[in-house]
Amino acid sequence: MRRTRLAPIAAAAATLLALSACGGGGGKSKGISPTDALDHPLTSSITLWHGYTDVEAKALQTLVDQWNSDHPSGKVNAVFDGGNDSALQKTTAAFVAGNYPDVAYEYGSSTNNLASQSKLVDLTSLVKNTPDFNWNDFFEGERLASTVNGKVVGIPALQDNLALVYNKKLFEQAGVATPTNDWTWQDFRDAARRLTDSAAKQYGWAYVNDGSEDTVWRYVAMLWQGGGQILSSDNKSPAFDSPAGLQALQLLHDMAVTDKSVYLDTGNGDYLNLFNSGKIAMLWTGPWDLSSINSDVDYGVTYLPAPTGGTHQTISGPDVYMLFNHSTAATNTAWQFIKWFTSPEVDLQFSIATGDLPLRQSVTTLPDYQKFLDKYPGDKVFVDNLNNVKNARPNIASYPQISSAIGQAVQAVLLGKADPKSALDSAKSQVEGILAGSG
Amino acid sequence: MTVAVAHRRPPRRVLPSGGRRARRADQLAGWAMASPAVFFIGLFGLVPLVWSFVLSFQHSNFQTSPTWAGLSNYRALTHDPVFWQSVRQTLLYTVLFVPITLIGSLLVAAALNRKIRGITVYRLAVFVPVVTSTVATGVIFGWLLDPNYGVVNSLLEKAGLPAQGFFTSTREALFCIVGMTVWGWLGFGTLIFLAGLQSVPKELLEAAAIDGCTRRRAFWSVQVPQLRPVSAFLVVWLTINALQLFDEVYVTTKGGPLHASTVVVYYLYQQAFQFFHAGYAAAIAYVLFVAILALTLGELWLTRRLDRDRAS
């Protein structure tokens with residue numbers, strides 16, 4: 001509320017406070033030996049926190065009810081935690097209060113923060129030594145996102161990736177050939193330019209330009225396509241200041257500043273409304289947006305375009321279920337439930353109900369998989385596109401800061417405030433400072 | 001005569017010890033009634049205050065045990081360019097927001113301080129932005145000021161003026177936030193001033209009118225000086241709120257573009273809840289706390305001095 005601007009600062013202070021206590025308290029807990037939890041009879045009920053709403057919440061509850069009726073001595077209580085955006089803050093605070101959940105849905109970007117939490121169940125040997133769990137069946141990007149410093153800290157919960165979504169009608173009207181899976185950056189840039197009509201305020205492409213991770217991850221996909229990396233393989237120094245990094249920023253500059261064919265979304269998410277009203281021809285977006293595209297908009301989906309000599313790589317932002325230890329019995333139930341919940345058959349049921357992408361490769365070979373494709377035709381390309389996920393963003397605690405530095409560089413280029421080279425150099429020196437610990 | 005004497009001499013207190021006991025019982029009852037409030041204010045006010053002070057001397061990421069940092073958080077602040085940028089921008093914002101809101105609400109209050117038909121409706125209309133949620137305000141202003149599809153730019157273009165970037169422009173973003181917050185706070189200032197204006201004694205205005213004073217003159221020379229305590233309160237209140245600006249930035253620009261609208265509390269939030277530098281954020285909070293305390297005391301001292309000068 002307006003009159004209480006004191007509120008956020010007080011709340012922030014109180015949270016800072018409350019949270020700082022957990023650091024001290026956390027150290028005393030006894031670690032659990034993961035294998036203790038293996039295949040014991042279930043004797044404890046557990047709580048699962050999630051931020052699902054609407055269709056997804058309903059699908060989750062249906063499956064949980066099914067589990068509960070089969071496992072009366074190991075029931076799962078699914079609790080809505082107020083939304084996935086604040087899941088990290090909520091879980092962190094819950095450790096202080098001592099009412100933390102046994103299982104929590106967390107963003108992939110939160111894993112490195114929670115990885116140092118002493119209540120966290122280390123799943124490394126569990127996932128690798130449980131034969132029927134089949135860890136390698138999960139798509140590579142998910143496994144990378146669930147792993148921090150070689151330690152498996154979560155089980156994949158949601159999978160997505162970026163693909164090119166386009167409005168067929170606008171392409172037809174402009175007489176431009178529709179995108180294909182083989183498009184190059186040049187094809188993409190030309191099409192965006194031809195689909196731009198400044199008088200009608202129509203743009204070829206939209207780019208989220210608030211400097212947040214939303215700005216960064218599209219750039220990171222382009223960086224990987226050209227063979228670049230964000231950091232060196234030991235995560236000790238920046239690596240995005242490479243020809244690949246420069247060429248990606250150059251494309252953004254050429255399209256946004258030279259061609260002016262890009263609608264710069266300030267982060268309020270208007271791009272989807274504008275896509276719906278035919279003002280934007282192409283988006284780089286994920287399956288979560290498909291359900292919000294109006295039924296009268298005829299759209300197509302293809303892989304992202306590739307730079308000359310590069311690949312069609314994309315980026316994914318997988319989310320995970322993290323397990324926290326209350327007792328061996330509770331952790332046993334948590335593990336058994338998650339194992340069941342992410343098994344191919346159950347996962348497919350969830351996908352069919354929600355339109356979320358399958359978590360495992362083997363799901364695509366199940367007989368009922370066709371039902372999923374029939375129900376969500378746009379998802380086909382996104383599933384195939386999972387094979388174009390070859391890299392993951394570094395899972396290190398300073399990543400949010402690194403992302404912020406890169407975000408500033410991308411934003412400066414898009415706004416025409418800096419040329420690609422100097423923006424890249426400035427981001428590089430900032431990231432060097434962050435990695436050296438002085439950021 | 002005897003009556004006068006009796007008046008001059010205070011009546012001797014009967015049963016002094018019983019009185020004291022009664023007073024102590026009163027005190028106990030008072031404390032007992034106040035204790036829930038004292039407890040909660042202490043718990044949620046003072047304890048965090050002390051605790052975050054300690055935190056500001058630590059390195060903490062909220063997850064693992066904090067380590068002792070000494071003064072290094074404060075030292076790092078001195079050469080953090082983004083922090084200093086946020087300080088400059090917060091001050092610029094305050095210097096614009098406080099006077100504009102103050103003068104604006106005075107004028108609106110003057111306009112609303114009359115008996116015309118439907119005055120309640122006008123007063124209500126002015127006050128509505130105050131009770132509108134900041135998120136709603138942010139979304140609406142975002143739409144109005146959208147550089148491509150916003151109403152404001154299309155009006156500008158119709159008038160033959162160049163379209164502006166508003167929230168997306170590094171030069172304009174902070175000023176847009178000033179505009180948006182002035183709009184949101186005007187009703188609050190107006191409410192306070194209106195109450196102040198209505199408590200100005202009618203006799204003063206009548207006396208001025210008899211002396212041949214115009215209405216305009218009466219406003220500036222009679223009513224406005226009477227509003228001094230109310231204005232002093234508003235200045236302090238608005239300044240504190242300006243220095244703690246957060247919500248409006250969070251819902252519109254998120255501190256951007258390129259830190260152009262990053263203010264101190266937003267930067268604090270970013271450090272604490274995006275980068276998980278809890279100790280560093282606590283240090284920022286303490287610097288801000290001291291600055292607000294100093295500024296508020298300064299303003300109060302200045303008001304008292306002005307009052308004394310006027311009285312003498």
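This is a predicted model: local features need pLDDT of at least 70, side-chain atom pairs count only at pLDDT 80 or more; totals for chains, interfaces and linings use all residues.
Residues are numbered from 1 along each chain as its sequence is written, and chains are lettered from A, with ligands numbered from 1, in the order in which they are written. Chain A has a radius of gyration that agrees with a compact globule, while chain B is more spread out than one.

**Chain A overall**

- Chain A holds 17 helices and 12 strands, where helices (H or I, at least four residues) and strands (E, at least two) are DSSP runs numbered from the N terminus.
- For 439 residues a compact globule would have a radius of gyration near 22 Å, and the 23 Å of chain A agrees with this; the radius is taken over C-alpha atoms, and the globule rule is 2.2 Å times the number of residues to the power 0.38.
- The C-alpha trace of chain A spans about 65 × 55 × 50 Å along its principal axes.
- Of the 439 residues in chain A, 51% count as buried (20 or more other C-beta atoms within 10 Å of the residue's own; exposed means 12 or fewer, partly exposed in between, with C-beta atoms placed from the backbone).
- Taking contacts in chain A between residues at least 6 apart in sequence, 74% join residues at least 24 apart; two residues are in contact if their C-beta atoms, placed from the backbone, lie within 7 Å.

**Domains of chain A**

- Chain A divides into domain 1 (21-158 + 318-388) and domain 2 (163-315 + 398-435), with bounds from an automatic or database domain assignment.
- The centres of domain 1 and domain 2 of chain A, taken over C-alpha atoms, are 31 Å apart.
- Contacts between the two domains involve 10 residues of domain 1 of chain A and 12 residues of domain 2 of chain A.
- On the domain 1 side that touches domain 2 of chain A, helix α15 (residues 379-385) of chain A gives the most, with four residues.
- That side of domain 1 of chain A has three nonpolar, six polar and one charged residue (Ala, Val, Leu, Ile, Met, Phe, Trp, Tyr, Cys and Pro count as nonpolar; Asp, Glu, Lys and Arg as charged; the others, Gly among them, as polar).

**A:W135**

- A:W135 sits in the loop between α5 (124-129) and α6 (140-145) of chain A.
- Because A:W135 has 19 C-beta neighbours inside 10 Å, it counts as partly exposed.
- Apart from its neighbours within four places in sequence, A:W135 is in contact with A:V127, A:K128 and A:R143.

**Chain B overall**

- Chain B contains 14 helices and two strands.
- The radius of gyration of chain B is 26 Å, well over the 20 Å that the globule rule gives for 312 residues, so chain B is more spread out than a compact globule.
- Along the principal axes, the C-alpha atoms of chain B fill a box of roughly 90 × 65 × 35 Å.
- In chain B, 32% of the 312 residues count as buried.
- Contacts in chain B between residues at least 6 apart in sequence join residues at least 24 apart in 68% of cases.

**Helices of chain B**

- Helix α11 (residues 228-243) of chain B has 16 residues and should span 22 Å at 1.5 Å a residue, which agrees with the 22 Å between its end C-alpha atoms; the expected span is 1.5 Å times one less than the number of residues.
- B:L234, B:L238, B:N241, B:A242 and B:L243 are the buried residues of α11(B).
- Helix α13 (residues 264-274) of chain B is mostly covered, with 10 of its 11 residues buried.
- Among the buried residues of α13(B) are B:V264, B:Y266, B:Q270 and B:F273.
- After α13(B) comes B:F276, which has a positive phi near 55°.
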